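Hi there,

Here is the structure I promised to pass on. My notes follow below it.

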Amino acid sequence: MQMASQHAPRQPVSGNRVFRLAHWASDTVNRLRVKTARRSKFVPQIIAYQGYGSTEWVRVLGRVLLTSKPVPGSRAEHAAQNGNQNIRGWRAFTSVPIQFTEVDIEIGGATTRVRADRGGLVDAVVPVALTPGWHTTVLRAEGTEPATARIFVISPDTRLGIVSDIDDTIMVTALPRPFLALWNTFVLNERARMATPGMAVLLDRLTVEHPDAPVIYLSTGPWNAAPTLARFLSRNMYPSGALLLTDWGLTQDRWFRSGQEHKRRNLELLTREFPNIRWLLFGDNGQHDEDIYSRFAQQHGDSVAAIGIRQLSASEAVLAGGHSENGDHTGSAVPWIYSPDGAGMAKGLKGLSLL
């Protein structure tokens, strides 16, 4: 059995005494939650998320949780086996992560053992030889039913990829940014969200024009919201792609997780993983995407095909806390496209011969 490299392996906690004490308190609370959940007949469940990779390795994503058991034979049980159960509101956050548990990943006829992190998250790079295209991975942990997920293996000949933000880029939230976390926590209903006009058509046209292009949805949203976001993407006919989300709470060296750092780190990672791919980056002008993409383009201009920024309306900008920049990128070697919808983005990409 092989061992895989992991993006978030178990590490000793760094920091001062107060920070280490906070970690101890957090772990103590989680242990109490685990005991309470087991007494309440919660059962272990592993959820597998869509991943991606090359012909030599794959990035596998999943999560190990204690969840309330659905009624045998019910639609909820079938959905739960695929990590796609329609749990709404606070109920999606009653699941308890199982920390540092061992998980077996089966793909390409080989099995690899990895360890979940303190949030129950599996984010592992598994060495395996696969052909370009779609493959299936199976994740297993002690006491759980196997969970499957699709993995998109990117061809060595691929030269274009797509990275898109979610909130206010492909999804209209119409909520103040400070309340997005509360919305994700207490609503979590994909039917209550609206797709940005024209963006699903745009991304679909791009994948038709470039069928080997990987699609990555890079968001600061929590992993608890992954099933809801996946249903939203499917319901609104967005192309299938890996979700790269984040988690709340303490990290090994920080009090709070940084959403901006999460995006920067994954963009850097994609550049190292696929040095021959130029990325189309989609975001919005509601505070941070422009700055993140601008810095990334300055450092990795050869890895960026173009940057598309959705312009928020006046009311959306107020809810988002204002605009991030003035949109002046005349000195940039990377083309920037600004539009309030997908149709305008498509027009700009067509002028760049990317569509």
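Is arginine 295 buried, partly exposed or exposed? Arginine 295 is partly exposed, with a relative accessible area of 46% (buried means under 20%, exposed over 50%, partly exposed in between, with a 1.4 Å probe and protein chains only).

Before the rest, a word on the source: this is a predicted model, where local features need pLDDT of at least 70 and side-chain atom pairs count only at pLDDT 80 or more, while totals for chains, interfaces and linings use all residues. Residues are numbered from 1 along each chain as its sequence is written, and side-chain values use heavy atoms, leaving out hydrogens and water.

Arginine 295 meets aspartate 291 in a salt bridge (3.1 Å, N to O); the term means a side-chain nitrogen of Lys or Arg within 4 Å of a carboxyl oxygen of Asp or Glu. Both residues lie in helix H7, four residues apart, about one turn of the helix. Helices (H or I, at least four residues) and strands (E, at least two) are DSSP runs, numbered from the N terminus.

Lysine 263 forms another salt bridge, with aspartate 289, at 2.8 Å between the closest N and O atoms. Lysine 263 sits in helix H6 (residues 259–273) and aspartate 289 in helix H7 (residues 289–299), so the pair ties together parts 26 residues apart in sequence. Both lysine 263 and aspartate 289 are buried.

Helix H5 (residues 226–235) may interest you too: seven of its ten residues are buried, so it is largely enclosed by the rest of the structure. Among those buried are Leu229, Arg231 and Phe232.

Best wishes
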